Amino acid sequence: MHKLANFSLANRALIALVTIVAAIFGGLALTNLKQELIPSIQIPQFVIVTSYPGASPEVVSNSVSSPIEKAIQTVPGLESTTSTSSTGVSMVVVAFDYGTNLQTAEQKVLSAIARIKATLPENSDPLVIAAGLDDLPIISVSASTTGDLEELVQALNGIAIPELEKLDEIRQVSLAGAAVSEVQIIPNDAALAQLGLDRSMLTNVLRANGNLLPGGSLLDGNFTLPVQVGERLTSAEDIAALPIPGTNFTFGDFAEVNLTTADVTSISRVNGQSAVTLSFNKTIDSNTVAASTAVKEKLDELSTTLGVPVSFHVVFDQAPYIQQSIETLAVEGMLGLAFAVLVILIFLLSVRLTIVTAISIPTSVLLTFIGLQGFDYSLNMLTLGAITISIGRVVDDSIVVIENIKHHLADGVDKITAIKTAVKEVATAITSATITTVAVFLPISFVGDMTGELFRPFALTVTLSLLASLFVSLTIVPVLAYWIAKPATKRGHRRAAESATESIGLLQASYRPILRGTLRFPLVTLLVSILILGGTFSLIPLLKTNFIGDSGQNTLNVSQQLEPGLSLSAMDGSTKAVEATLASFAEIETYQMTIGSSGLSAVMGALSGGARSSVSYSITTREGADQTKLQNEIRDALNALQGVGTFSLSSGSGFGSSSSVSVIVSAGDPANLDAAAKYVFNEAKKLESAAEVSTTMSKQQPQASVTINRIEAAKYGLTETQIGMAISSIMNPQLVGTIQIDNNQLNIYMRSNSAIETLEELPDFQIATPVGMIPLSEIATIESTLQPASITAHNSVRTVTVSITPKTADLSATTFEVTEMLSNIDLPAGVNAEMGGLAADQEEAFSAMYIALLVAILIVYIVMVATFKSLLQPILLLISVPFAATGAIGLQLITDIPLGVSSLIGLLMLVGIVVTNAIVLIDLVNQFRNRGESVHDSVMHGSLRRLRPILMTALATIFALVPMAMGITGHAGFISQPLAIIVIGGLVSSTLLTLIVLPSLYWLVYGHKERKAEKQLRRSASV
């Protein structure tokens, strides 16, 4: 690699031009990079939503959920299925292995469903939704008015939404909470019966009209004209005027046709005021911050031009947190850069050489930005965190190069020759060290699950920055040294000429006696080191652990669980006390209450345990609020309310992972399942580390059971199916088509004019028979019974999940207590209970990272074998790796920061950094031995010569990470802070032990012949 430096020195003008071009293109890349919260992640899941109006959870489970689960079991890559069956709807979550081709998987799922479509209930149309994190809104805005809310909705639909969707950054705008218009058809069954007709005739007439059909083409002069047959229906009057074939009647003679408002299924309020919500999804290629800014600017414009009084309030917005995180990491990075440069200046005592070294940091970072743009990565918390973490490391190669150049520069020595010689001495070492550090991140590419998806961009960013630093140190740094560095003075020249192996200075003078003592007693040195290492590992049980940690966002989510089966108005009445409680907190900026939902939000609500009996509250807190303290205060205040259900709280993480430890109870027998789940729930509530405990075990809700007397029904020529369809047609609106009115696509529903609304009315419902109308009570028994509000199954086995939210960030304490609880309870035969949720995520991530750590060490060993062409020396170098645990674990305990996935990424990075120091040291020792020096002298001279660069690189890295480790900005530390603490602690201990233990170990392994000769010499002298 030193030839690259020779080329650069021979083409200095070209290198200067390359540097300028890199700076320009790096700056352009930085401004063009998308700004996101986290990397774009496609979760390998689909949600299959199937509507079955009026069906009980048991019927939905048996008729829809179970058949769908069984049908897709043969799809390649399937990991698991989880179904939730509630009244009228089935949701099946299909999870695939990470790395599965989702487009192919989706086609396979659709094909599997198509094969069983004929066996599913009529009018049940499964909808497959592939929802990734990119599909979530980037900003949600409430719209309220002092005037008529319906007028506001019309203005939003007719003016605002079309204007907002014209924005280049916005893909879709969704309006929630607004009343929906529909066309309602109420047949006159008596009039139809007089002519021997039924409702199916009306449906057929409707479907046979209003269609545009291709009629072919014809010539008109020189033009070919397409022929279009038919005309669309555009109003309720058009439907009513449709003629009935074979009669003199129209559609309106047998039915009322009205344009009306659909039944209200959801209620939304913001800060206690009725409102509707606009949710914005950005385009895939757009910038979240730019998209949010464009939306807010457009809303400001629309608020004065909409024609109705309107107030817009931002309920949720990713942009401010992204901007704050980027600003935080940038500040911490700049402080780290300043600290690293200060360390270099103190060691080199040369402003010129410090400038040369310092230039390598921004240059490497700008080159990294170019690489990120090339790989189409965004500037997010992970990639920017990687750059910030790497600032201390990217200067290492340049430090080694410039320090060695300084050593070789002397008055009267040709500068070009001195620089080439200096670079040649260290080129192999720094190249091997950089490749080693880069190689440790390779295993992350094979880590599956959310951990790999999140941290793969982090690893690539570190790799790009380190490779850029190597390139800079071998090209730009030598050229800058030629232009800027001054030769040593005559005094310095005399010092350099005295001995190539002698090192003079306070550091070396202090280090020399320690080194001599450890080389004199190498076994004692190793024994003491091993004892220290053993003491370190004994501290591991004291460590707190978590998964990824709280992202620090100022958003909270509250779920209010009410009695199953409550009407919408009854649920609304239960929210008033909750809203008043939330309004009493000064730290809460906005809160949005939502009863009911639609579209993707309904799916997400179901996945998070939501149901029709739940109310959700989205809370945004004021900047600077203590999130943990506030969350506990809100929880206590809500739990103190009486008669308004139960509550569960969670913080917004943005990572799509669970926020609680779960126990999944499964059984084939529903009775055993309920009994075991209740027992586990009650035991979990006794845990000291549990802040709150919730369960998916559904409460019983009343249902009207109609039991058909088959013998009596048969006397009238009726079957259970016929009677059920007759009841369903009266009680449930039937979707019979769609119509476009005023550019809006509306549904057409057929309803009954004699709808049954109470249980008392059901026995008198008239059933049509060949002999006339009879009441339902003649052929059926009607009674009120209780049933589960919902049924959950995992891989077709019924389950109940008990979720435990930890009081603190120490997940290990809660996991330990839950594990102990499960080991001490006796479950009935056929009932199984296992850990899930956050604990399972952590265990899976930790296991994957431990394997990645071992693979990284193996890769490092292979790289070093190739470098040193020895199987033994790389083993000596790897001995320094375990000693990094001493400082890492110690500092983790001192700072009380939990050990999470970010910390394990820090351990990976630490392996590369620690081995880098060892490589630089042993490489020079080998050079001295190749010149003919003894092993002892080579170890002494090599260690003394490498003391300064090793300390410089270590301290530069440590001080560059200090701002992040201290979390001085107070934000965005959930990834960078644990990682920085691990690297700082490990680097402190490994650097000290590398300078002491590694020389002793090298001397112990390679100096046996010299020690034997010395012993013989001493014996001969004594004789």
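Q: Why does Phe249 count as partly exposed in this predicted model?
A: Its relative accessibility is 36%. Buried would need a value under 20% and exposed one over 50%, so Phe249 falls in between and is partly exposed.

Q: And what makes Phe254 buried?
A: Here the relative accessible area is 3%. The cut-off for buried is under 20%, so Phe254 qualifies.

Q: Why is the pair of Phe249 and Phe254 called edge-to-face?
A: Start with the distance: the ring centres lie 5.3 Å apart, and a pair needs centres within 6.5 Å.

Q: Why are Phe455 and Phe458 separated by about one helical turn?
A: They sit 3 residues apart in helix H15 (residues 449–484), and that spacing is why the separation comes to about one turn.

Q: What makes Lys415 a charge over the ring of Tyr482?
A: Lys415 lies over the face of Tyr482, at 5.7 Å from the ring centre. The distance limit is 6 Å, so Lys415 meets it.

Q: Why is Thr357 called buried?
A: Its relative accessibility is 0%, and the cut-off is under 20%, so Thr357 is buried. Thr357 belongs to helix H11 (residues 351–374). Beyond four places in sequence, its contacts are Ile344, Leu348, Val395, Ser398, Ile399 and Ile402.

Q: How do you know where helix H17 bends?
A: Axes fitted to the residues on either side give the angle: about 25 degrees at Arg512, with a proline, Pro513, following within four residues. From first C-alpha to last, the 15 residues of H17 (506–520) reach 22 Å, close to the 21 Å expected.

Q: Which helix has the lowest confidence, and why does that call for care?
A: Helix H21 (residues 599–607) is lowest, at a mean pLDDT of 42, whereas helix H20 (residues 576–583) is highest, at 92. Over residues 598–611 the pLDDT is below 50. Where pLDDT is low, the predicted coordinates should not be read in detail.

Technical notes: Residues numbered from 1 in each chain as written. Predicted model: local features only at pLDDT ≥ 70, side-chain atom pairs only at ≥ 80, totals over all residues. Heavy atoms only, no water. Helix = DSSP H or I, 4+ residues; strand = E, 2+ residues; numbered from the N terminus. Buried < 20%, exposed > 50% of the residue type's maximum accessible area, 1.4 Å probe, protein only. Contact = heavy atoms within 4.5 Å. Expected span 1.5 Å × (residues − 1). Bend = angle between axes of the 7 residues up to and from the residue. pLDDT = per-residue confidence, 0-100. Phe/Tyr/Trp six-rings, centres within 6.5 Å; stacked < 30°, edge-to-face > 60°. Lys NZ or Arg CZ within 6 Å of the ring centre and 35° of its normal.
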